[in-house]
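Look at the chain and its ligand before reading on.

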Amino acid sequence: MPKLEAIIFDVDGTLADTERDGHRVAFNAAFADAGLDWEWSVPLYGELLRVTGGKERIRAYLAEHLPDFAPPEPLDDFVLGLHKRKTAHYTQMMRAGAIGLRPGVLRLLREAMDAGIRLAIATTTTPENVAALLSAVRVPGQYPALEHWFEVIAAGDVVPAKKPAPDIFDLALAELDLPASACVAVEDSDNGVRSALGAGLHALLVTQSSYTAEQHFDGAALVVDGLGEPGLPSPQVVAGGCADPLTAAVQRAGCVDLAVLRALHGCVQSAVG
Ligand code: XBP
Ligand code: MG
């Protein structure tokens, strides 16, 4: 049976709950900069999130809500310019530490580092957004800056198709030079689940985030409401093909730790044979 060699993390919603108070706020700031009266409310942004990629999301908004909008320049240039402004706002917020990592993320990353498990990222957002988020996280003195814990950061437009296409997870696996069977993936959304499964990553943990608690994650091995932290209430095990054998392990640990991820990986490998 293949052993666990790497964990591949999604970013937005998984490493940090960035969508509502980060990306959405940055989009609205960019619209204001451009003199547009567009305002993406929390509910509207939740609908628009079914489209991954900020540039793609702007286009989807125009197509659905402002079909007669006449951009002041060719649409491609207009969308690129808006998205550039948005990324400037977002990276400034993240570098200032506006949004931290979700509970348990740094603990799990550190466990993996200490155990020699390789770490990677597979995300739809831009590399600069990832760097900005990670740059604000304080890590124990004996460790390098958090960005350097990840051997691979597969991010943004480097692949032809964004999630739910499998491309970005395929790229992360290729750069790790590992088969999917040697990895666990961690995601927060149905788009991300479909992307990871499409890349053959069946050892898949889902940590529901503020926008995805109502989504269905068919095919995920384990769905929890968060990674938890010892001393905090235990994570709720919500669903998953391996939920039965893993619930006791989560409750015993009081969190999702590396031992739970190893058990998840083993559960999936024994199921696929
Ligand atoms: C989430 C996304 C991204 C962000 C916005 O990515 O779909 O598009 O919402 O970031 P993931 P950009 O969950 O895969 O980390 O504006 O840079 O696209
Ligand atoms: Mg996500």
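## Two backbone details

Asp-177 is found in the loop that runs between α7 and β4 (183–187). In this predicted model, the phi angle of Asp-177 is near 60 degrees, which is a positive value in a residue that is not glycine. For comparison, most residues other than glycine have a negative phi.

Another loop, between β3 (152–155) and α7 (167–176), holds Pro-164. The peptide bond that joins Lys-163 and Pro-164 is cis, with omega at about 15 degrees. Most peptide bonds, by contrast, are trans.

## Where the ligand sits

Which pocket holds ligand 1? Ligand 1 sits in the largest pocket.

Both domains take part in the shell around ligand 1: domain 1 (6–18 + 99–272) and domain 2 (19–95) each give at least three residues. Among the helices, α1 (19–33), α3 (54–65) and α4 (75–95) each supply at least two residues of this shell. The largest share, 3 residues, comes from α1.

## Residues around the ligand

There are 19 residues around ligand 1, and those that come nearest are Glu-19, Gly-54, Arg-57, His-83 and Thr-123. How many residues of the shell are nonpolar, polar and charged? The shell divides into 10 polar, 6 charged and 3 nonpolar residues.

## Polar contacts and burial

For Asp-10, a polar side-chain atom lies 2.8 Å from an oxygen atom of ligand 1. Gly-53 uses its backbone instead: a backbone N or O atom of Gly-53 is 3.0 Å from a ligand 1 oxygen. In Asn-129, an N or O atom of the side chain is 3.2 Å from an oxygen atom of ligand 1. Each of these pairs counts as a polar contact because the cut-off is 3.5 Å between N or O atoms.

How much of ligand 1 does the protein bury? Taken alone, ligand 1 exposes 440 Å², and the protein buries 96% of that area.

Definitions and conventions:
Residues are numbered from 1 along each chain as its sequence is written. Chains are lettered from A and ligands numbered from 1 in the order in which they are written. This is a predicted model: local features need pLDDT of at least 70, side-chain atom pairs count only at pLDDT 80 or more; totals for chains, interfaces and linings use all residues. Side-chain values use heavy atoms; hydrogens and water are left out. A residue is near a molecule or strand if one of its heavy atoms lies within 4 Å of it. A polar contact is a pair of N or O atoms within 3.5 Å; within protein, one must be able to donate a hydrogen and the other to accept it, and residues adjacent in sequence count only if both atoms are side-chain atoms. Accessible areas come from the Shrake-Rupley method with a 1.4 Å probe; for residues, only the protein chains shown count as cover. On a 1 Å grid over the protein atoms alone, a cavity is a set of points where a 1.4 Å probe fits but cannot get out, and a pocket is an open set with protein on both sides within 12 Å along at least five of seven lines; lining residues have an atom within 4 Å of a point. A molecule sits in a cavity or pocket if more than half of its atoms lie within 2 Å of its grid points. Helices (H or I, at least four residues) and strands (E, at least two) are DSSP runs, numbered from the N terminus. Ala, Val, Leu, Ile, Met, Phe, Trp, Tyr, Cys and Pro count as nonpolar, Asp, Glu, Lys and Arg as charged, and the others, Gly among them, as polar. Domain bounds come from an automatic or database domain assignment.
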